[in-house]
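Have the viewer open as you read.

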Amino acid sequence: MAPIAIETLPEQNLTFEPRDGCKSLALRSPKDALSHEDSKKSIVQETVNHLGVLPATITPPKPSPALFITGLGSQYPPFTFKPDRLEPFLSKWYDLETPSIKKLLQVNQTTLIQSRSTLKPYEDPFWSRSVAPTISELDRIFRKAGVDLTVQACKKALRDAKLKPSDITHTVAVTCTNAGNPGFDLLVADKLGLSPDTDRTLLHGVGCAGGLSAMRAAAALAQSYSLRGRPARILCFACEICSVNVRADLEDVVSTSPEDAKISPVLFSDAAASFVLCNELAGASVADRSVYELVDWETTTIPRTAGELEFVASPLGWKATLTRQVPQHALAAIGPMFERLLPYLPATTPLAVSAAAAGKSAEPKDFDWALHPGGIAILNGVEQKFELKDEQLRASYDVYKNHGNSSSPTVLVVLDQLRKMGTGRDDVMACSFGPGMTVEMFMMRRVRNA
């Protein structure tokens, strides 16, 4: 398959300073400003130091219960929002000459996103209302339309795994765009007809990291069932309805300076994704009908970065904050996280054998990558830093270009797309990052006889 050509853009066009940091920086003396920049650099270095500390000795991997992803499914809503619609959209409420709005329109032209998936069509009266919807109204939208979108994704994953709802032993769900109780996972379970005895887990507060956070939780549950001698068939799902929060984000945009401009109104979209994770006791042929086998995984929270990536509630919905330091922290974390996982690459795999024969270790460029497309600066940065080819990130680029960033489901959509985009490499690294900043990374292998 021909690589997906994505033009490289300068990183500084797509990232932004922290809101408070920019306001206070203007009041500092040049000496203080230098100290501020040094402080930011030291935080990034702290990321490297924190993640770069490996155990003095690494215990050789012990045989552990095998875990497999046996089915995946993803679902976008049927409508799209293209970049050229943003200006007339904003003109309904704002003066386009407002400096922060002008800055947002400039950023809109540099994201390389060709369309974003949205729950409602551009022509829907919902977008033209003079009064922004309240968070209570957005809650109702999610718990109807978001649940329906998730059910569609789950049905695809179940069909792919050749399982019935009655086969499912657990669910692990995640969202950051709804906080209702009972959780949306129960609403999805009811619509799918899952057993009332299904073991349910609902994650919140992990944002864009959520797809792999759910996978990590599911892996732990599956392994515990293996130790108890029980089959585990875990249905995991993620859903985010980001588009309807745009008015909350825009109110933030117009109330801040252009230097504090937010990328979220031109980045986020709507989606749901699902996968089924099984242990080796889930059936005699579970390995043969799988898509990926999990090898190992790591998670970490980068110190002193909680304010760099946030998603908080307001009367008008959920507001996202991404600072200029987010790509720097993500890039600083990925290398050390990879090094932490590398010792657990099974020595018998062709990649490990060929690397050992060459007298070296496997490298990031030996893997296909399912990288959360948090922005073009991150995609380009990872590709350049680790000397990857476009085709090794082809699924991440494709999802980003055609749908934007849908937060937690996005990395799962990338994994779903990756298996459909040619033979690829046997070994795959999946990585996502979210508020905290939390970084999740999985090493997995394609199951070739699927």
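## A cut-off to start with

## The overall picture

First things first: this is a predicted model. The protein has 13 helices and 13 strands. It runs to 450 residues, and 56% of them count as buried.

Now for the contacts. Taking those with a separation of 6 or more, 82% are between residues 24 or more positions apart. As for the surface, the protein exposes about 18000 Å², with carbon and sulfur atoms supplying 53% of that.

## H5 against H6

Two packed helices are described by the angle between their axes and the distance between the axes. Helix H5 covers residues 135-161 and helix H6 covers residues 184-192; they pack at about 55 degrees, with their axes 9 Å apart. The crossing of H5 past H6 is right-handed.

Which residues of H5 and H6 meet? On the H5 side they are Phe142, Arg143, Val147, Asp148, Thr150, Val151, Cys154 and Lys155. H6 brings Phe184, Leu187, Val188, Lys191 and Leu192. By type, the residues of this contact of H5 with H6 split into 8 nonpolar, 1 polar and 4 charged.

## Arg159, also in H5

Arg159 sits in helix H5 too. Is Arg159 buried or exposed? Its relative accessible area is 57%, and exposed means over 50%, so Arg159 is exposed. Arg159 and Leu72 are 87 residues apart along the chain, and their C-alpha atoms are separated by 8.8 Å.

## H12, an enclosed helix

The buried ones are Arg394, Ala395, Ser396, Tyr397, Asp398, Val399, Tyr400 and Lys401.

What do the buried residues of H12 pack against? Two of the elements are helices, H11 (376-385) and H13 (410-418). The others are strands, E11 (368-371) and E13 (438-446). Just after H12 comes Gly404, which takes a positive phi of about 80 degrees.

Terms used: Residues are numbered from 1 along each chain as its sequence is written. This is a predicted model: local features need pLDDT of at least 70, side-chain atom pairs count only at pLDDT 80 or more; totals for chains, interfaces and linings use all residues. Side-chain values use heavy atoms; hydrogens and water are left out. Helices (H or I, at least four residues) and strands (E, at least two) are DSSP runs, numbered from the N terminus. Buried means under 20% relative accessible area, exposed over 50%, partly exposed in between (1.4 Å probe, protein chains only). Contact means heavy atoms within 4.5 Å. Accessible areas come from the Shrake-Rupley method with a 1.4 Å probe; for residues, only the protein chains shown count as cover. Axes are lines fitted to C-alpha atoms, for helices over the stretch in contact, and angles run from 0 to 180 degrees between N-to-C directions. A crossing is left-handed if the near helix is turned anticlockwise from the far one by less than a right angle, and right-handed if clockwise. Ala, Val, Leu, Ile, Met, Phe, Trp, Tyr, Cys and Pro count as nonpolar, Asp, Glu, Lys and Arg as charged, and the others, Gly among them, as polar.
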